[in-house]
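Hello! Here is the structure I promised to send you. Have a look at it first, and then read my notes below.

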Amino acid sequence: MKKNIKNIALIFIVFFYYFSNSYAINENRKEPIDITADTMEWNDQTMVAHALGNAVATQGSQTLTADELTASIDNNSSNDQDAQRIRMIYARGNVSFENNEEKATGDKGLYDVENGKIILEGNVILKRKNDILYGNKLVMDLDDGKSRVFSESGEGRVKMRFIPAQEKKEENAN
């Protein structure tokens, strides 16, 4: 009987942890997007904003940084006629995406705001705690929390460095 209660408690904890993380990821998408940079340019005709130099886009607990960010903006034709929304943010140079769980870097990237996806390309590194994935392309689904790393055009291989818990403790002691 005690074993069954422990198993039920463990299942509940895992269930709660999984869904609380997914919920937190989804909640970021409801937050406004703030973009800062050394300089900004706005093109009224194309509805494109360029953030140049130390560009940072923040949405909730998510941060996208790069040398340059370009935001593609749509007028929202819903009830509020003055509302605008960012559809995509393109990132170039020293690209980094970070949330509460992980950090990813690459040469260039795209934040598909509408579909909740981050795509990084070129020298991609994805870190989660002490574990590291290396590849050429990364696709992160911010809604379900899944990340996929790909090799370059099917050539080469994706590499993961996984540090078991006991090694992590020994490394932290050094």
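Three strands, S3, S4 (62-75) and S5 (84-98), each supply at least two residues of the lining of the largest cavity. A cavity is a set of points, on a 1 Å grid over the protein atoms alone, where a 1.4 Å probe fits but cannot get out, and lining residues have an atom within 4 Å of a point. The largest cavity holds about 60 Å³ of space, and the count comes to 2 cavities of 30 Å³ or more. For these volumes, grid points are joined across faces, edges and corners, and the volume is the space filled by probe spheres set on the points.

Before going further, please note that this is a predicted model: local features need pLDDT of at least 70, side-chain atom pairs count only at pLDDT 80 or more, and totals for chains, interfaces and linings use all residues. Residues are numbered from 1 along each chain as its sequence is written, and side-chain values use heavy atoms, with hydrogens and water left out.

What kinds of residues line the largest cavity, by class? There are 7 nonpolar, 4 polar and no charged residues. Nonpolar covers Ala, Val, Leu, Ile, Met, Phe, Trp, Tyr, Cys and Pro; charged covers Asp, Glu, Lys and Arg; the others, Gly among them, are polar. The lining includes Ile33, Gln59, Phe97 and Tyr111.

Buried means under 20% relative accessible area, exposed over 50%, and partly exposed in between (1.4 Å probe, protein chains only). Leaving aside neighbours within four places in sequence, Gln59 is in contact (heavy atoms within 4.5 Å) with Asn28, Arg29, Glu31, Pro32, Ile33 and Tyr111.

Next, look at Leu69 in strand S4. Leu69 is buried too, because its relative accessible area is 1%. With neighbours within four places set aside, its contacts include Ala49, Val56, Leu64, Ile89 and Tyr90. Leu69 and Thr36 are 33 residues apart in sequence, and their C-alpha atoms are 9.5 Å apart in space.

Now for some backbone angles. Most residues other than glycine have a negative phi. Asn94, in strand S5, has a positive phi near 50°, and Asn94 is exposed at 59% relative accessible area. Lys129 sits in the loop between strand S7 (117-128) and strand S8 (131-141). Its phi is also positive, near 55°. Is Lys129 buried or exposed? Lys129 is exposed, since its relative accessible area is 66%.

S8 runs antiparallel to strand S9 (residues 147-150), and 4 bridges join them; two strands pair if DSSP finds at least two bridges between them.

Finally, the whole chain. It has 2 helices and 10 strands, in the order α-β-β-β-β-β-β-β-β-β-β-α along the sequence. Of its 174 residues, 30% are buried.

Happy exploring!

Methods:
1 Å grid on protein atoms, 1.4 Å probe; cavity = no way out; pocket = protein on both sides within 12 Å on 5 of 7 lines; lining within 4 Å.
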